[in-house]
Amino acid sequence: LTQEIKWSNQMYQLFPENKDQGPPSFEKHKSTIHPDDQDIWFKTVMECAEKGNPYKIRFRVVHPHQVLWMEAIGYAVKDQNGKIISLCGTCQDVSDTVSIEENLNKQRIKTIQTTKLASLGEMSAGVAHEINNPLAIISGNLQLLIRDPIDLIKTKKKLEIMMKATERISKIVNGLKKFSRLTEHTERQPQLLASIVQE
């Protein structure tokens with residue numbers, strides 16, 4: 001009701017407030033919160049004040065020459081009738097922790113990307129080998145046909161071999177397309193596990 005704020009000396013060090021000018025007002029205190037974090041900070045504090053929800057929240061505080069990450073833990077104090085009469089809590093500078101977490105997350109993303117590239121490299125080598133074999137068959141038979149195009153029986157046999165080779169390439173490419181396809185409207189139906197493993 002009084003909107004009175006009582007701070008420890010440490011709080012004055014964490015926030016850009018001058019202790020000599022007296023305790024901060026709620027609005028002035030809110031203005032020191034980073035603009036991107038003000039809404040969630042305000043909503044969290046209000047829910048504690050109105051509903052008594054305890055909270056733990058991280059937000060940025062803007063100082064004249066730096067921005068710090070704070071972690072605030074708060075709870076509501078109630079009177080004998082269960083009415084909320086004040087809020088209590090603590091704040092801690094967690095800038096170093098946030099920095100470490102961000103670096104770890106960047107490293108994790110980098111590791112995932114490296115693993116993906118390594119897997120892609122292995123798969124590409126396998127696919128190249130699988131496609132090169134039927135291509136070699138097609139190329140070899142075409143060279144023979146160019147040299148000796150007259151024998152129709154041999155020509156037909158070589159064309160059949162080349163047709164099988166192209167079907168094999170098509171099967172490999174379609175398998176890759178099926179493997180990489182990702183849609184929200186995939187039709188799901190029961191399958192035999194053995195056929196999936198075989199494929």
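Entry 1. I looked up the largest pocket and found a lining of 32 residues, with Glu-4, Ile-5, Ser-86, Leu-87 and Cys-88 lying nearest its centre. I note here that the model is predicted. I then listed the elements that each give two or more residues to this lining: helix 1 (9-14), helix 2 (26-31), helix 3 (38-51), strand 1 (55-62), strand 2 (67-78) and strand 3 (84-93). Strand 3 supplies the largest share, 8 residues.

Entry 2. I looked up the volume of the largest pocket and recorded about 1200 Å³.

Entry 3. I turned to helix 4, which covers residues 95-147 and has 53 residues. I took its span from first C-alpha to last as 76 Å, close to the 78 Å expected at 1.5 Å a residue.

Entry 4. I examined Ser-95, which is placed in helix 4. Its relative accessible area is 16%, so I class Ser-95 as buried, the cut-off being under 20%. For its side chain, I found a polar contact with the side chain of Asp-93 at 2.7 Å. Leaving aside residues up to four places away in sequence, I recorded that Ser-95 touches Leu-68 and Trp-69.

Notes:
Residues are numbered from 1 along each chain as its sequence is written. This is a predicted model: local features need pLDDT of at least 70, side-chain atom pairs count only at pLDDT 80 or more; totals for chains, interfaces and linings use all residues. Side-chain values use heavy atoms; hydrogens and water are left out. Helices (H or I, at least four residues) and strands (E, at least two) are DSSP runs, numbered from the N terminus. The expected span of a helix is 1.5 Å times one less than its number of residues. Buried means under 20% relative accessible area, exposed over 50%, partly exposed in between (1.4 Å probe, protein chains only). A polar contact is a pair of N or O atoms within 3.5 Å; within protein, one must be able to donate a hydrogen and the other to accept it, and residues adjacent in sequence count only if both atoms are side-chain atoms. Contact means heavy atoms within 4.5 Å. On a 1 Å grid over the protein atoms alone, a cavity is a set of points where a 1.4 Å probe fits but cannot get out, and a pocket is an open set with protein on both sides within 12 Å along at least five of seven lines; lining residues have an atom within 4 Å of a point. Grid points are joined across faces, edges and corners, and a volume is the space filled by probe spheres set on the points.
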